[in-house]
Amino acid sequence: MAISPPSERIWWKEPIAKVELVWIAVAFIWGLVMFGMMIYWHAEGEQNLSNEAYRTTPEMFAKKTNAMVDKYTVRQEAGFPVVRPPPGSDVYLIARLWQWWPILEFEKGQSYRLHISSMDWQHGFSLQPVNINLQIHPGYEMVLTVTPDTAGEFGVVCNEFCGIGHHTMIGKIHVVE
Ligand code: CUA
């Protein structure tokens with residue numbers, strides 16, 4: 001029984017039963033299979049992105065985001081600036097309690113360098129309805145090259161619990177023809 005001391009004090013020198021060895025081997029082989037699946041899903045599953053991460057600070061990141069918003073805002077939507085940066089440019093998205101800021105507008109078929117960072121806390125970038133997920137931390141910017149191939153309105157949902165307003169942390173990305 002696990003709640004009483006072992007009757008043989010040197011329990012780790014006891015011989016291992018054959019069936020136990022078989023289970024250890026099964027668990028080890030299954031662990032290798034699951035490890036291989038991570039690599040397989042990266043290549044074939046279109047889920048795990050090839051993103052880059054760089055050190056930054058909330059102040060530096062906010063400065064770059066504000067400069068982009070000042071330069072490329074085309075209209076307002078529900079109190080948020082809608083920013084339409086030129087194709088090929090660096091685009092910044094802020095995660096903070098509890099919003100994704102600003103709203104971005106991309107052109108279909110064009111590529112952008114999308115930078116995402118947090119001002120305060122850990123958030124999760126989850127692009128809906130496509131299955132793209134990234135963890136967003138303060139002090140790091142995640143950078144990915146995006147080339148939207150479908151026009152429409154995409155939601156950005158926070159998928160890391162970040163407090164009382166977590167469920168309201170919903171952003172938006174427009175993709176236009
Ligand atoms: Cu931000 Cu949950």
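Which residues of strand β9 (residues 132-136) form the covered face, and which the uncovered one? The covered face of β9 consists of Ile-132, Leu-134 and Ile-136, while Asn-133 and Gln-135 make up the uncovered face. Strands, like helices, are DSSP runs numbered from the N terminus (E, at least two residues, for strands; H or I, at least four, for helices).

The model is predicted, so that local features need pLDDT of at least 70 and side-chain atom pairs count only at pLDDT 80 or more, whereas totals for chains, interfaces and linings use all residues. Residues are numbered from 1 along each chain as its sequence is written, and side-chain values use heavy atoms, with hydrogens and water left out.

**Domains.** The domain assignment gives domain 1 (16-43) and domain 2 (51-176); such bounds come from an automatic or database assignment. The centres of the two domains, taken over C-alpha atoms, are separated by 38 Å.

Two strands are taken to pair if DSSP finds at least two bridges between them.

| Strand | Partner | Bridges |
|---|---|---|
| β8 (residues 123-128) | β9 | five bridges |
| β11 (residues 152-158) | β12 (residues 170-176) | six bridges |
| β1 | β10 (residues 140-146) | four bridges |

A hairpin of three residues connects β8 to β9, and Phe-125 stands opposite Leu-134 in β9. Gly-155 has Lys-172 in β12 as its bridge partner. For Arg-55, the bridge partner in β10 is Tyr-140.

Ile-29 lies in helix α1 (residues 18-44). This residue is exposed, with a relative accessible area of 51%; exposed means over 50%, buried under 20%, and partly exposed in between (1.4 Å probe, protein chains only). Ile-29 also belongs to a nonpolar surface patch of about 950 Å², whose other members are Phe-28, Trp-30, Leu-32, Val-33, Met-34, Met-37, Tyr-40 and Trp-41. Patch residues have over 30% relative accessible area and no salt bridge, with nonpolar side chains joined within 5 Å and like charges within 9 Å. A salt bridge is a side-chain nitrogen of Lys or Arg within 4 Å of a carboxyl oxygen of Asp or Glu.

How values were computed: Areas by Shrake-Rupley, 256 points an atom, 1.4 Å probe, with all protein chains shown as cover.
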